[in-house]
Amino acid sequence: MMTSLLAYLLIPLSSAVIIQFLKKNDKLADIVSNVSLFAGLLNISYLIFNPQNVRFSFASIADNGFSLIMVLAIYLIAFCVSLFSSGFIPRTKNKHNFYSLLLTGVAAMCGVVISLDFFTLYIYAEALAIVSLAMICYEDNERGAEGAVKYFFLTLPGSVFILTGISILLFTAGTFNFLNLQSIANSGPMSTANMVAVAFLCIGFLIKAGIVPFHTWLIDAYQGAYSPVSAFLGGIATKVSGAYAIIKIVMIFKLFESTAGRISEALMLLGAITIIWGAIAAIRQKNFKRMLAFSSISQTGYIVLASGLGTPLAVLGAIFHLFNQATFKGTLFLNSASIEKSAGTTNMHKLANLENSMPWTTWTSIIALLAAAGLPPLSGFWSKLVIVLALWEEGAKGYAFLSLFFMLVTFAHFAIIQKKIFFGKKAADGEKSREMPVFMLLPVVLLSMIIILAGIFFPHVYSFLMQAVTRNML
Amino acid sequence: MITLFSVDWYLISIIFFIGLYCMLVSRNMFKQLLGLQIMSKACVLAIILCGAATNNVNLSQAIAITMILMEVIAVLAGLGLILKAWKITGCPDLVKLSKLKG
């Protein structure tokens with residue numbers, strides 16, 4: 001019997017409708033949202049870790065391993081954001097609307113990762129963009145409105161480019177189904193017209209991923225968004241609508257071995273520029289959330305660099321880095337929300353010595369920061385190592401050195417944050433800060449445990465991902 | 001047939017770049033939204049044209065109708081957002097929205 005992943009799309013969608021009828025009762029809305037997301041998380045974990053499924057290499061599941069791991073990441077981050085916001089959002093703020101939007105966003109993201117052709121993928125990405133738009137300006141203030149307006153006017157042109165790519169594909173290949181396109185790409189060298197279509201698709205998805213020439217919307221949207229929403233956007237939403245699609249394109253068209261080497265080179269160049277720009281700009285920021293946004297851009301650069309290289313090992317690194325980035329950026333943005341709530345500011349010059357007053361927040365943030373910088377036992381190290389090894393293997397030694405060097409730069413600016421925010425002398429705003437209640441600490445502790453476990457059990461993760469990649473790219 | 005196709009394609013590119021130009025030069029948010037809409041209309045025309053040229057009208061028709069639906073939703077969301085920004089800043093000027101800085 002084949003198991004389809006469609007239920008992961010439909011159940012949150014129906015919960016989103018049900019929550020709209022619970023206007024009077026915020027507690028019940030909390031419970032419905034958290035329970036439906038937690039049930040989905042348990043279910044997908046059972047599907048992935050079930051020894052029977054592992055033994056038969058997921059042959060009974062309709063979609064491939066890549067979709068499975070993306071659904072796991074989506075449910076993980078969405079559950080953490082939902083649990084966090086049940087403590088974060090005050091009663092008066094129409095909580096049910098927030099949960100409704102969050103669950104619709106989860107449904108749209110699952111649609112993106114289980115879709116089997118580019119048009120369906122575009123539809124769900126557009127739905128996700130509109131849901132994120134509504135979530136960014138959830139708080140009625142100028143920051144939210146500005147972030148949302150910039151998000152709207154700078155990402156929707158990306159959709160237009162995607163549509164142009166789809167129309168050219170319809171003309172040259174006659175189809176945009178992934179399987180048909182894969183067989184066309186396997187049958188021989190790609191025609192120039194197909195390459196133009198792929199280039200248009202890449203531009204559209206790069207705009208949605210926030211790669212450097214098109215990154216301006218991302219920073220303002222992350223900084224202006226309501227705090228739990230930044231975790232949702234930074235953790236998973238922009239990665240699913242942008243980076244996921246780039247990896248998918250690379251898997252389908254096998255850019256590295258066909259005549260489309262130019263697109264692959266362009267992707268690698270853009271990825272490298274993104275790594276440099278994001279890491280250098282992050283050093284100069286004063287606001288914690290803005291700095292995290294820049295570092296998020298820089299990390300997405302690694303994904304694009306690796307997927308531009310396009311060998312199976314590099315794609316494996318890109319997928320694993322996508323998952324890792326979801327976990328550590330989710331932790332960091334949720335912690336920045338706690339800091340904003342308890343200390344009243346995210347300006348790094350006004351914060352100091354949170355180590356004493358908020359120990360759990362501090363230590364989970366430090367685990368996430370070290371993972372993002374690539375310290376050995378943690379998960380971020382392995383994904384970056386795989387990317388660097390893949391670059392070295394293909395002879396792109398310049399890019400390999402560059403990635404290694406900017407790992408150090410990332411480490412440097414994370415050390416600056418740690419010193420400024422969590423350690424050091426006491427400051428006025430750090431004095432009155434208090435540790436968050438246990439419901440808001442559970443999600444970050446869960447995420448940081450996953451960071452550590454994914455690092456320690458890397459051999460298992462590697463064999464799982466290798467299976468997924470070889471099944472996709474054959 | 002081929003010549004007609006190229007003429008249509010030429011006109012579609014002109015529409016596309018009119019929309020792009022409108023988005024690049026105007027500071028008014030409503031004009032920006034209009035420019036975006038003109039660009040997506042060019043895409044709908046391109047899809048219908050490609051379907052007609054490859055004898056695949058059924059598929060392109062279905063896609064065009066779905067796209068019109070998506071565009072309506074995007075316009076509604078965008079208009080609501082612009083009204084919200086207008087209420088907060090007092091004018092529909094995009095450049096006035098510059099509170100977020102590092």
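For my classes I count Ala, Val, Leu, Ile, Met, Phe, Trp, Tyr, Cys and Pro as nonpolar, Asp, Glu, Lys and Arg as charged, and the others, Gly among them, as polar. The model is predicted, with local features needing pLDDT of at least 70, side-chain atom pairs counting only at pLDDT 80 or more, and totals for chains, interfaces and linings using all residues. Residues are numbered from 1 along each chain as its sequence is written, chains are lettered from A and ligands numbered from 1 in the order written, and side-chain values use heavy atoms, without hydrogens and water.

**Cavities**

I searched the whole structure and found four cavities of 30 Å³ or more. A cavity here is a set of points, on a 1 Å grid over the protein atoms alone, where a 1.4 Å probe fits but cannot get out; lining residues have an atom within 4 Å of a point. A volume is the space filled by probe spheres set on the points, which are joined across faces, edges and corners.

The largest cavity holds about 100 Å³. I looked up its lining by class: seven nonpolar, three polar and two charged residues. Among them are A:Y122, A:E126, B:Q37 and B:E71. Helix α7(A) gives the most, five residues. Helices are DSSP runs (H or I, at least four residues), numbered from the N terminus.

**Pockets**

I took a pocket as an open set of points with protein on both sides within 12 Å along at least five of seven lines. The largest pocket has a volume of about 780 Å³. Of its 24 lining residues, A:I48, A:F49, A:L72, A:F323 and A:V461 lie nearest its centre. The largest share, six residues, comes from α2(A).

**A helix pair**

I then checked α5 (residues 95-114) and α6 (residues 118-136) of chain A, which pack at about 160 degrees with axes 8 Å apart. Axes are lines fitted to C-alpha atoms over the stretch in contact, and angles run from 0 to 180 degrees between N-to-C directions. The two helices, α5(A) and α6(A), are therefore roughly antiparallel (over 145 degrees). Their contact (heavy atoms within 4.5 Å) includes A:F98 and A:L101 of α5(A) and A:L121 and A:Y124 of α6(A).

Technical notes
Angles under 35 degrees count as roughly parallel, over 145 as roughly antiparallel, 65 to 115 as roughly perpendicular and the rest as oblique.
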